[in-house]
Each structure stands twice: as structure tokens, then as C-alpha cells.
Amino acid sequence: MTSKSQVKTVCGYCGTGCGLILEVEDNKIVKIRGDKEAPVNKGQTCVKGAFAYQYVHAPERLNSPMIRKAGQLVKVSWQEAYDYISNRLSALKKDFGPDAISMFACARTTNESNYITQKFMRTVIGSNNIDGCNRT
Ligand code: SF4
């Protein structure tokens with residue numbers, strides 16, 4: 001028996017933040033339409049938001065964090081990945097100072113994510129080394 005559901009979400013392609021409704025069958029997205037209740041797009045989408053979703057089910061897509069151990073990338077839990085990142089950033093900051101660390105934000109993510117990125121860098125790390133990956 002086929003299982004069908006609809007999932008309300010926000011498009012991940014750019015920072016506009018259009019609301020989408022995913023039509024899901026047997027745990028796979030089969031169609032996307034704009035969410036008419038979303039204040040940003042009121043049911044409209046661009047071509048990417050409506051049709052470019054095949055990457056979600058691509059077999060080579062990373063779907064869990066990985067850490068290199070003994071020269072090999074191995075899948076780890078999110079908690080292990082967060083602990084690893086936290087420990088490495090703390091060690092780098094202690095050994096080399098906050099300016100040894102930089103972070104890249106991205107124009108394709110949301111304003112809120114970019115805001116949190118710069119806030120984290122300035123208040124937690126203590127560095128202004130923030131840049132965007134779209135700058136040429
Ligand atoms: S539907 Fe298009 S404009 Fe809207 S968030 Fe997605 S990529 Fe951006």
C-alpha cells in the first residue's frame with residue numbers, strides 16, 4: 001500500500017524563504033507546489049523551488065555527518081559531530097587566538113542563518129573573520 005503525505009516546509013534553494021508543500025509518496029518527494037498560506041510567496045514559486053528537488057534523493061547525497069578517523073571518513077552521530085566541532089574550535093582558539101578561525105556564510109541561506117553565523121563568530125569565537133562564498 002502506498003503511503004502519501006503532504007509536508008509544509010521552506011524552500012532551501014535561496015534566501016527568499018518561499019513556503020512549499022511537498023507531496024510525498026513512500027517517503028519520496030513526487031511533486032512540489034507553493035504554499036498559498038506562506039506570506040513570502042503566497043503560492044508562487046520559481047522554477048527551482050517547483051522542480052529542482054531530485055537532489056534530495058540522490059544516492060551520493062550526504063545525509064549524516066562524517067569525521068575522518070585513521071584516514072577514513074566515517075559516519076558519526078550529530079552529537080559526536082557537534083562535540084568534535086566544539087572541541088576543535090576551542091583548541092584552535094586557545095592555541096592560536098580567535099583570528100585563526102574564519103567562517104563562510106552564504107547568500108543561498110536565510111537571513112536568520114547568516115545573522116546567527118556572524119553573531120556566533122563575533123560573540124563566541126571573538127573574530128570578525130566572516131565572508132561569503134559567493135563573492136568573486
Ligand atoms: S522558490 Fe525560488 S525564489 Fe523561492 S526560495 Fe525557492 S529558489 Fe528562492
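How far apart do the C-alpha centres of domain 2 and domain 3 lie? In this predicted model, the separation between the C-alpha centres of these two domains is 19 Å. The division of the protein places domain 1 at residues 4-57, domain 2 at residues 62-96 and domain 3 at residues 100-136.

The protein contains 3 helices and 7 strands, and, read from the N terminus, these elements follow the order β-β-β-α-β-β-α-β-α-β. The radius of gyration of the protein is 19 Å, well over the 14 Å given by the globule rule for 136 residues, and the protein is therefore more spread out than a compact globule. Taken along the principal axes, the box filled by the C-alpha atoms is roughly 55 × 35 × 25 Å, and 7% of the 136 residues count as buried.

An unreviewed UniProt entry places the feature "domain: 4Fe-4S Mo/W bis-MGD-type" at residues 4-60. Within the model, that span is 9% helix and 37% strand, and its end C-alpha atoms lie 25 Å apart. The residues around the ligand are Cys11, Tyr13, Cys14, Thr16, Gly17, Cys18, Asn41, Thr45, Cys46, Lys48 and Gly49. By residue class, this shell around the ligand consists of 5 nonpolar, 5 polar and 1 charged.

Val24 lies in strand E2 and is partly exposed, because 15 other C-beta atoms are found within 10 Å. Although Val24 and Gln6 are 18 residues apart in sequence, their C-alpha atoms are 6.0 Å apart in space. Asp26 belongs to the loop between strand E2 (19-25) and E3, where its phi is near 50°, a positive value in a residue other than glycine.

Lys28 is part of strand E3, which covers residues 28-34, and it counts as exposed because it has 11 C-beta neighbours inside 10 Å. Between Lys28 and Gly132, the sequence separation is 104 residues and the distance in space, C-alpha to C-alpha, is 32 Å. A further positive phi, of about 45°, is adopted by Lys42, which is not a glycine; Lys42 is placed in the loop between E3 and helix H1 (47-51). With 12 C-beta neighbours inside 10 Å, Lys42 is counted as exposed, because the exposed class takes in residues with 12 or fewer. Val47, in helix H1, is likewise exposed, as 8 other C-beta atoms lie within 10 Å. Val47 and Gly71 are 24 residues apart along the chain, and their C-alpha atoms are separated by 41 Å.

H2 is hardly covered, the count of buried residues among its 19 residues being 0. Gly97 follows H2 and has a positive phi, near 90°. Helix H3, made up of the 15 residues 111-125, should span 21 Å at 1.5 Å a residue, and its end C-alpha atoms are 20 Å apart, which agrees. Just after H3, Gly126 takes a positive phi of about 85°.

Between H2 and strand E6 (103-105), the loop contains Ser102, which counts as partly exposed because it has 13 C-beta neighbours inside 10 Å. Ser102 and Asp131 are 29 residues apart along the chain, while the separation of their C-alpha atoms is 8.0 Å.

Definitions and conventions. Residues are numbered from 1 along each chain as its sequence is written. This is a predicted model: local features need pLDDT of at least 70, side-chain atom pairs count only at pLDDT 80 or more; totals for chains, interfaces and linings use all residues. Domain bounds come from an automatic or database domain assignment. Helices (H or I, at least four residues) and strands (E, at least two) are DSSP runs, numbered from the N terminus. The expected span of a helix is 1.5 Å times one less than its number of residues. UniProt positions are given in the numbering used here, feature names are shortened, and annotations may be inferred rather than shown by experiment. A residue is near a molecule or strand if its C-beta atom, placed from the backbone, lies within 6 Å of it. Ala, Val, Leu, Ile, Met, Phe, Trp, Tyr, Cys and Pro count as nonpolar, Asp, Glu, Lys and Arg as charged, and the others, Gly among them, as polar. A residue is buried if 20 or more other C-beta atoms lie within 10 Å of its own, exposed if 12 or fewer, and partly exposed in between; C-beta atoms are placed from the backbone. The radius of gyration is taken over C-alpha atoms; the globule rule is 2.2 Å times the number of residues to the power 0.38.
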